[in-house]
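My notes follow the structure.

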Amino acid sequence: MQSKQSIHGSWANRWIFILAATGSAVGLGNIWKFPYITGENGGGAFVLVYLFCILLVGIPIMMGEILVGRRARQSPINAVRETAAEAGISQNWSLIGWLGVLAGYIIFSFYSVVAGWVLHYIAGMGTGQFVDISSDLAGQRFTDLLASPEQMLMWHTLFVLMVVGVIAGGVNKGLERATKIMMPALFVLLLVLLGYSVNTGSFAEGWDFLFSFNPDALTWDAVLVALGHAFFTLSLGMGAIMAYGSYMGKKDSIGVTVLTIGVLDTLVALVAGLAIFPVVFANQMDPGAGPGLMFITLPVAFGQMPGGQVFGFLFFMLVGVAAWTSAISLLEPATAWVVERFGLRRLPAALLLGFVIWLMGIASLLSFNHWAEIKMLGMSIFDFLDFITANIMLPLSGLMIAIYSGWALNKHITRDELSLSSEAAYSAWSLVIRFVAPIAVMIIFVVNLYDKLA
Ligand code: PHE
C-alpha cells in the first residue's frame, strides 16, 4: 500500500498541494459570505468564535479527510471503500463518499449562479457602469440581474465551462497549472486591495469592527453560524479535500500542511474583511447589509472613491478567481470517480458532469424570477439548496468523517498515515477527532435543524 500512486497523477510538490487546497478553501465563502455574516453577527466576537471552530473542528476533520484520501489514492467514494477494506470493516462506509460527492454537486449548482453574478460585475466594473452610482440605482441593477434568467444563464454557463476546461486538463496540466497561475494572482490582488483600503478607506473603523471583542454581540445563533461556516470555508465534508489529498506526496506531513492551509484560509478571510469594511465605512454604509453587501454596498462604495473603478474591478476579479479555484475542487471528486468507475477520459467525464450541474443551476437561477413562487420548506429553490447542503449534508458528512477516521479506522492506519511528529500530537488529534469535533458538529446539526424547522 505504501508506494501507491493515483491514476490521476500527483502534485509536483508539497507547496502545490497547499496552494491547490487553499484555492479550494478560499472562495465565495471567504470574500462574499464571511464579511457579511461577520457584519450581521456584530464583528469581533464572531470572529473569535469562528477562529476556535477552525482550530478545534475544521483542522482535525481536514486531517481526517486527507489521511483517507492519501491512504487509498482514489476518488473519495473509492477511497473510503478501500480504507474500510484495509481496516476490515463494512464497505458501506463508502456512503460518506457518496454523500460528499452529492453535496459538492448541489453546492456547485448554486455556487455557479453566484459566481456568474461575479462575472457580470467584473464586466460591469470594467466598463465603468458603477462610477458614482447611487445606492438606489445599484440596488436596482442587482434586482434587474436577478430578474433576468437570460443574463444569469449566460454567466452561469460561462462559469461552468471555465471549470470544466480546467478539470478536463487533469491533475497536472489542469489543476496544477491553474493553481500556479491563479493563486499568486489571488494573493497579489488581495494585497493590492488591502493597500487601497489602508490608504483610502476608514481603516481604523474597519479594524475595530473586525477585532474589537464585544461579548454582548455574541448570540448562540452566531456560534452556530460560525461553526457551519468553518466547514464550508475549509471545503470539508464534500470530498474536495479528500480528492486533493489523494494526489499528495507520501512523505509530506499532513499536520503541518493542514495547519498551513487553515492559516492561509483564515488570513484571506480576515484580509478580505480588512479590504471590504474600511471601504464600506468610508462611505457611511451598513456593514450588516447581508448577502447584498458585495453586490450593492461595495459597488456603490467603490464607485464613490478615487480610483474606485479600477479597484472595484480588481476586487471582483479577486472574487472571480477565488470562486473559480473553489469550483474546480467541487467538480474534481465526481470526475475522478467517473474516470475510475467507467474508464472514461477526463474531458467527456467533466463535460458530462458539468452538464448535469449546469442543468441543476438553471433551477437555482430561475428561483429568483420565473420560479420564485416555488417554495420548499418555505424557501426558494436557491435558499433550499444552500440550506440542505450547508446545514444538513455538510455537518452530517463531517460528522461521519470524524467518526470514520477517529473511531472506525484502526489506530495503526491513522497513526501511520498521519505520521505526526510525536505520540502526544497524535493523541491530541485523536482526542479532538473522537470527542470535541463530533460533539460540536452534532450540536450545530441538531440546533440548526431545530431552528429552521421548528
Ligand atoms: N471553501 C469554498 C469557499 O469558501 C467553498 C467550497 C466548498 C469549495 C466545498 C469546495 C468545496 O467558498
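I began with polar contacts (pairs of N or O atoms within 3.5 Å). A nitrogen atom of the ligand lies 3.1 Å from a polar backbone atom of threonine 233. Another entry: a ligand nitrogen is 3.2 Å from a polar backbone atom of serine 24, and a ligand oxygen is 3.0 Å from one of leucine 28.

I noted that this is a predicted model, where local features need pLDDT of at least 70, side-chain atom pairs count only at pLDDT 80 or more, and totals for chains, interfaces and linings use all residues. Numbering runs from 1 along each chain as its sequence is written, and side-chain values use heavy atoms, with hydrogens and water left out.

How much of the ligand's accessible area does the protein cover? I found 100% of the 330 Å² that the ligand has on its own (Shrake-Rupley method, 1.4 Å probe).

Last, I looked at the whole fold. I counted 18 helices and 0 strands (DSSP runs of H or I, at least four residues, and of E, at least two). The C-alpha atoms fill a box of roughly 65 × 50 × 45 Å along the principal axes.

Definitions and conventions: A polar contact is a pair of N or O atoms within 3.5 Å; within protein, one must be able to donate a hydrogen and the other to accept it, and residues adjacent in sequence count only if both atoms are side-chain atoms.
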